[in-house]
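Here is a briefing on one chain. Take a look at the model first, then read the points below.

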Amino acid sequence: MERILILGVGNILFTDEGIGVRALEWLQSHYVFPDNVTLVDGGTLGMGLMDALLGCDRVYVLDAVLGGGEPGSVYRLTDNDLRKSMSFRDSLHQTDLVDTLIYCDILGHRPEGVVFGMEPFDYHTMELGLSPVCQNALPAMAEKLVEELKSLGIDITTR
């Protein structure tokens, strides 16, 4: 059975930069996932996520994404588009997730990576909550991930 990691990343101290962590919390409160799906609050861990990444076959990253759309726009990214995700580009956190996946590849196990993300409204203001536009769009972002997992045959139930 494929091991799937759902990884919420970002810094919850800076408004919408915490979108990924808040989406993970939303998923945990609304759904029950099977044993082969692990949900992890990755925060700003960077290289600290190596063990979790080495232990999965596929990783879904939830994050803020600078895609150029309107705040609250939801994106699905793969391959070369990964660096639009805030955690997949040079950041203040040790190293970005693209580098972390490259290190996994060097060690012989790079999981397939997909980002579900949202265009932030404000990721500079130090505040724990999301902006209203992103808070309102959060369920739609999380539901897109759930739909994809269900299309893969993953049995997810509502709480």
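Cys-134 is found in helix H4. Helices (H or I, at least four residues) and strands (E, at least two) are DSSP runs, numbered from the N terminus. The model is predicted: local features need pLDDT of at least 70, side-chain atom pairs count only at pLDDT 80 or more, and totals for chains, interfaces and linings use all residues. Residues are numbered from 1 along each chain as its sequence is written, and side-chain values use heavy atoms, with hydrogens and water left out.

**Cys-134**
- Cys-134 counts as buried, at 0% relative accessibility. Buried means under 20% relative accessible area, exposed over 50%, partly exposed in between (1.4 Å probe, protein chains only).
- Leaving aside residues up to four places away in sequence, Cys-134 touches Asp-16, Ile-19, Gly-72, Met-118, Glu-119, Pro-120 and Phe-121. Contact means heavy atoms within 4.5 Å.
- Asp-122 lies twelve residues from Cys-134 in sequence, and their C-alpha atoms are 9.2 Å apart.

**Packing of H1 and H4**
- Helix H1 (residues 19-30) packs on helix H4 (residues 132-151) at an angle of about 65°, with the axes 9 Å apart. Axes are lines fitted to C-alpha atoms, for helices over the stretch in contact, and angles run from 0 to 180 degrees between N-to-C directions.
- H1 supplies Ile-19, Arg-22, Ala-23, Trp-26 and Leu-27 to the contact. Among the H4 residues in the contact are Cys-134, Leu-138, Met-141 and Val-146.
- By class, the contact of H1 with H4 has eleven nonpolar, no polar and two charged residues. Ala, Val, Leu, Ile, Met, Phe, Trp, Tyr, Cys and Pro count as nonpolar, Asp, Glu, Lys and Arg as charged, and the others, Gly among them, as polar.

**Aromatic rings**
- The whole structure holds three aromatic pairs. Rings of Phe, Tyr and Trp (its six-membered ring) pair if their centres lie within 6.5 Å; planes under 30 degrees apart count as stacked, over 60 as edge-to-face and the rest as tilted.
- Trp-26 and Tyr-31 form a tilted pair, because their ring centres are 6.3 Å apart and their planes stand at 55°.
- Trp-26 is buried at 16% relative accessible area, and Tyr-31 is buried at 8%.
- Ring pairs link Trp-26, Tyr-31 and Phe-33 into a cluster.

**Whole chain**
- The chain has four helices and seven strands. Their order from the N terminus is β-α-β-β-α-β-β-α-β-α-β.
- Of the 159 residues in the chain, 49% are buried.
- Among contacts between residues at least 6 apart in sequence, 76% join residues at least 24 apart.
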